[in-house]
Amino acid sequence: MQYTINVRGRLVDLSQPMVMGILNATPDSFYSGSRKQTEAEIADRANQIISEGGRMIDVGAFSTRPGAMEVSEEEETSRLKRALAIVRREQPDAIVSVDTYRPRVARRCVEDFGADIINDVSEGGITGIVDTPIHEEGDMFQTVAQLQVPYILMSVQPTLETMMKNFADEVQRLRDLGAKDIILDPGYGFGKTLDQNYEILSHVERLAELELPVLVGISRKSMIFKKAGGDPTTSLPGTIALNAVSLMKGASILRVHDVKEAVQTVVCCGGLSD
């Protein structure tokens, strides 16, 4: 399908899939290879993502893996302020998303720190850390609409049926508030059992009925190594395989740790954005 999103006045074409590279400014993300804390590490990772063909950089500062430690709003904001400044210095033309479920943090990142996109794993405030209810000040949907930035809406629902029902309701709420550029994420690993993850993957092309671009964030997740064995460090082959399946089922964006391999997967599955 033909999709475009407005990124600070620049129309970005998603009709050919793009790769989003993960940059975690945190000490405890589930995959150790994505943890970048020093200035040099953050700069090198931002440059690596773009040099390997990524078009988007997703910056997070609060791990949402199962069992993750709580990070205060002040600490998350401080980490993101520092990381986004380095990313913007190194790659001023990159499309930068901020991975946060806190409305006030998201606003600061867009208004003050240069983020272009809000990537919200909470489905608008249901859960942040996996399977943990959250209570944040502010409303993410209202924040997104006020900021007029693209928004990645991730599902924490266990089945495709409940996901699509919730997505339809949530997209309408966002539209009613004035939000325009919405990207859907099925949320593999959030609120779902191993079997439910694969059941959703097997029918995820149905999300096309909602006529919005789909982001897939499946990279090195437990649904791979719990099925194939190993751990996050051994899960690159499974990641490539499931990303290929996702592309053939209509994914517009792959959110990944391994950018070069994801770019090759996009090319071999039919194309890559220029």
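**Rings and cysteines**

Tutor: Both Phe62 and Tyr101 are buried, where buried means under 20% relative accessible area, exposed over 50% and partly exposed in between, with a 1.4 Å probe and protein chains only. Keep in mind that this is a predicted model, where local features need pLDDT of at least 70, side-chain atom pairs count only at pLDDT 80 or more, and totals for chains, interfaces and linings use all residues. Residues are numbered from 1 along each chain as its sequence is written, and side-chain values use heavy atoms, leaving out hydrogens and water.

Student: How many aromatic pairs does the structure hold?

Tutor: The structure holds 2 aromatic pairs; rings of Phe, Tyr and Trp (its six-membered ring) pair if their centres lie within 6.5 Å, with planes under 30 degrees apart counted as stacked, over 60 as edge-to-face and the rest as tilted. Phe62 and Tyr101 form a tilted pair, 5.6 Å centre to centre with 50° between the planes. Phe141 and Tyr151 form an edge-to-face pair, at 5.9 Å centre to centre and 75° between the planes.

Student: And Phe141, buried or exposed?

Tutor: Phe141 counts as buried because its relative accessibility is 2%, and Tyr151 is also buried, with a relative accessible area of 0%.

Student: Switching to cysteines, how many disulfides are found?

Tutor: A search of the whole structure finds 0 disulfides, a disulfide being a pair of cysteine sulfur atoms within 2.5 Å. For Cys268, the nearest cysteine sulfur is that of Cys269, 6.9 Å away.

Student: Is Cys268 buried or exposed?

Tutor: Cys268 counts as exposed, at 69% relative accessibility, whereas Cys109 is buried, with a relative accessible area of 0%.
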